Amino acid sequence: MLLDILRLSLRNIRHRGLRSWLTVIGILIGTAAVVALISVGQGLQRTIARRVEQIVGYNTILVTARGLNLGQRIRLDVEALRAIPGVKSAIAVRTETAYVEGPGGKGFLAVLGYDPAMAEFVTEMNLTVASGRALEAPGEVLLGSRTARVLGAEAGDTVRIEGRPFRVVGILQAQRAGGFATGGLSLLDLLVISLSELRQLFPGPELVHYAVVRLADRADMALVRERIRAHLSAVGERNAALTDFEDLTRNIQSVIRGVQAFLAGIAGIALLVGGVGVMNTMYTAVLERTREIGVLKAIGAKDSHVLLLFLFESGLMGLAGGALGLLTGLGVAWVATLVVSRVFEAQGAFAPALTAGLVFGSLLFAFAVGALSGLFPAIRAAKLPPVEALRYE
Amino acid sequence: MSAALVELQGVTKVYRLGEVEVPALRGVDLAVRPGDFLALMGPSGSGKSTLLHLLGLLDRPTAGRVLWEGADVTRLNGARLAELRGRRIGFVFQMFNLVPNLTALENVELPLVFLGVPWRERRQRARAVLERLGLGDRLRHRPNQLSGGQQQRVALARALVTDPALLLADEPTGNLDSATGREILALLAELNRQGRTIVLATHDPEAAAVAQARLRLRDGRIVEVA
């Protein structure tokens with residue numbers, strides 16, 4: 001019997017033709033917006049998780065000032081970190097402000113102490129030189145392109161850092177993504193010398209922007225974290241915080257989820273408007289078919305039959321809108337992803353997510369919106385007194 | 001005298017139209033016995049339709065009792081009344097009132113759908129009734145592809161498909177030309193001869209003439225029985 005009523009509902013929807021389609025389109029747009037945003041959001045989450053893993057790695061701990069503030073420096077000794085049992089390797093990024101004199105200019109500039117091990121941890125630390133070559137021997141320096149202009153220096157020249165001469169061997173290539181790896185400074189604005197020479201120039205306490213610690217295989221993360229904390233308090237550093245891959249991913253994911261929920265909420269409003277459209281169509285349908293409702297009741301239809309008849313109609317329209325909206329939304333997400341990837345030249349594949357949860361969730365949700373929007377019209381139809389309905393002109 | 005199929009005892013019906021109370025029936029006693037063919041006559045507004053609706057359990061009296069096969073049904077809930085209507089009563093209306101987007105066959109099947117009759121049996125019974133009424137070649141037609149007389153015969157088939165104890169017809173010839181109207185009336189008379197209990201509301205004396213008895217209504221009361 002349910003199936004028969006469902007068939008009747010389907011007939012009625014088809015019978016209304018254009019009006020049914022317009023109603024379905026209302027749900028379609030809402031569903032498409034929600035699906036597109038969620039799909040792109042989930043894809044973004046995945047991509048970022050992958051990138052974080054590439055940059056930081058699973059078995060890695062980041063030591064920074066509280067709040068991941070790379071601009072603020074913390075006190076630590078990277079050699080001591082390396083000596084901790086369970087630590088495979090560690091680097092610390094340190095810059096100092098030095099008085100630098102070049103052939104064509106002078107001033108206080110930031111100098112980065114470079115350790116080739118850094119490249120292993122941080123992609124941006126794979127320094128690429130635009131002209132000249134990389135650091136090879138003591139007494140050599142690489143210049144960021146803006147620094148080179150300030151100093152009026154090029155490869156082959158000599159510059160004096162804190163009075164000590166360094167030979168310029170190369171100019172660094174401008175990098176697209178900059179600042180993160182060097183504690184908020186662009187590589188363009190830096191001088192790069194070897195870490196050991198930086199230490200000789202500035203023998204005071206080691207103040208670093210951040211340190212990255214990689215664990216040995218099967219080392220206990222909690223234990224190593226404990227030991228790093230012990231070292232930090234031994235050197236009197238109270239403002240440092242430890243972040244591992246999971247913390248970082250969790251932070252980033254929660255931000256993305258927040259943004260996504262907000263956007264999906266806005267898209268949900270579109271779906272709500274679609275629901276109002278369904279409600280309007282159904283109220284009109286009840287009004288138009290008042291007499292028919294009376295006849296159905298006269299020939300033995302119960303209130304529940306009439307209720308179901310109209311609920312199925314609105315629910316089916318919701319479902320149809322949901323299915324078409326799902327396809328449209330995925331299409332939109334796909335195009336959006338292509339555009340985003342093109343514009344931001346994002347590295348690695350950035351694909352919209354298509355999960356079973358998204359598919360069934362959106363279909364179920366659209367059906368529910370349709371059915372719920374049709375609930376009040378359906379109740380009105382079911383409650384119509386048969387005699388009044390029959391008399392209706 | 002056999003027991004009444006449906007009986008009205010002191011039935012009053014008052015409609016409310018906004019602030020105004022309109023009395024449609026003022027104390028009617030009426031018993032319909034199996035095999036009866038009654039015609040309710042009277043000008044419009046005399047209460048014919050209201051009386052028919054009360055006999056058909058479509059409405060409840062303001063005062064008085066409605067007995068269906070001896071049991072008081074005045075206080076039965078809506079679902080029970082709907083079931084009684086579906087099983088025991090058939091309706092034919094002046095406007096035919098077929099569902100426009102269903103075929104003749106589907107329209108006739110409809111009462112059986114609400115009774116939960118399985119598909120195959122439903123189809124068979126609907127087809128049989130339509131064929132008996134001479135519409136065997138119109139099964140797949142929609143109402144707008146049928147003439148008025150054909151539509152009314154489909155409506156009659158829909159009323160008969162449940163084999164109801166009581167057939168109620170509200171001005172069934174009102175929207176038909178006189179020749180077609182006579183055909184429908186002849187059908188009703190034939191059905192009555194086969195034992196069907198029928199109550200017909202009409203203001204057309206020619207239509208009333210086919211009934212066994214005529215009740216004349218005026219201002220909500222039965223004023224004459226002939």
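Me: Which residues of α8(A) are buried?
Reply: Keep in mind that this is a predicted model. The buried residues of α8(A) are A:Ala267, A:Leu271, A:Gly274, A:Gly275, A:Gly277, A:Val278, A:Thr281, A:Met282, A:Ala285 and A:Val286.

Me: And how far apart are the end C-alpha atoms of that helix, α8 of chain A?
Reply: They're 62 Å apart. Helix α8 of chain A covers residues 245-288, so at 1.5 Å a residue its 44 residues should span 64 Å, and the two values agree.

Me: OK, over to chain B. What's the strand order in the open sheet of 6 strands?
Reply: The order is β6-β7-β8-β3-β9-β10, with mixed pairing. β6 (89-92) and β10 (221-225) are the edge strands, each pairing on one side only. From one strand to the next, the twist averages 20°.

Me: Do β3 and β8 of chain B pair in the parallel or antiparallel sense?
Reply: Parallel, over 5 bridges, with β3 at residues 37-41 and β8 at residues 197-202. B:Leu40, for instance, has B:Ala201 in β8(B) as its bridge partner.

Me: Which strands does helix α1 of chain B touch?
Reply: Helix α1 (residues 48-55) packs on the sheet and touches β3, β7, β8 and β9 of chain B. Its direction makes about 155° with that of β8(B).

Me: Last one: how many bridges join β1 and β2 of chain B?
Reply: There are 10, and the two strands run antiparallel. B:Tyr15 has B:Val22 as its bridge partner in β2(B). The hairpin has 2 residues between the strands, and B:Gly18 takes a positive phi near 65° there.

Key. Residues are numbered from 1 along each chain as its sequence is written. Chains are lettered from A and ligands numbered from 1 in the order in which they are written. This is a predicted model: local features need pLDDT of at least 70, side-chain atom pairs count only at pLDDT 80 or more; totals for chains, interfaces and linings use all residues. Two strands pair if DSSP finds at least two bridges between them. Helices (H or I, at least four residues) and strands (E, at least two) are DSSP runs, numbered from the N terminus. Axes are lines fitted to C-alpha atoms, for helices over the stretch in contact, and angles run from 0 to 180 degrees between N-to-C directions. Two residues are in contact if their C-beta atoms, placed from the backbone, lie within 7 Å. The expected span of a helix is 1.5 Å times one less than its number of residues. A residue is buried if 20 or more other C-beta atoms lie within 10 Å of its own, exposed if 12 or fewer, and partly exposed in between; C-beta atoms are placed from the backbone.
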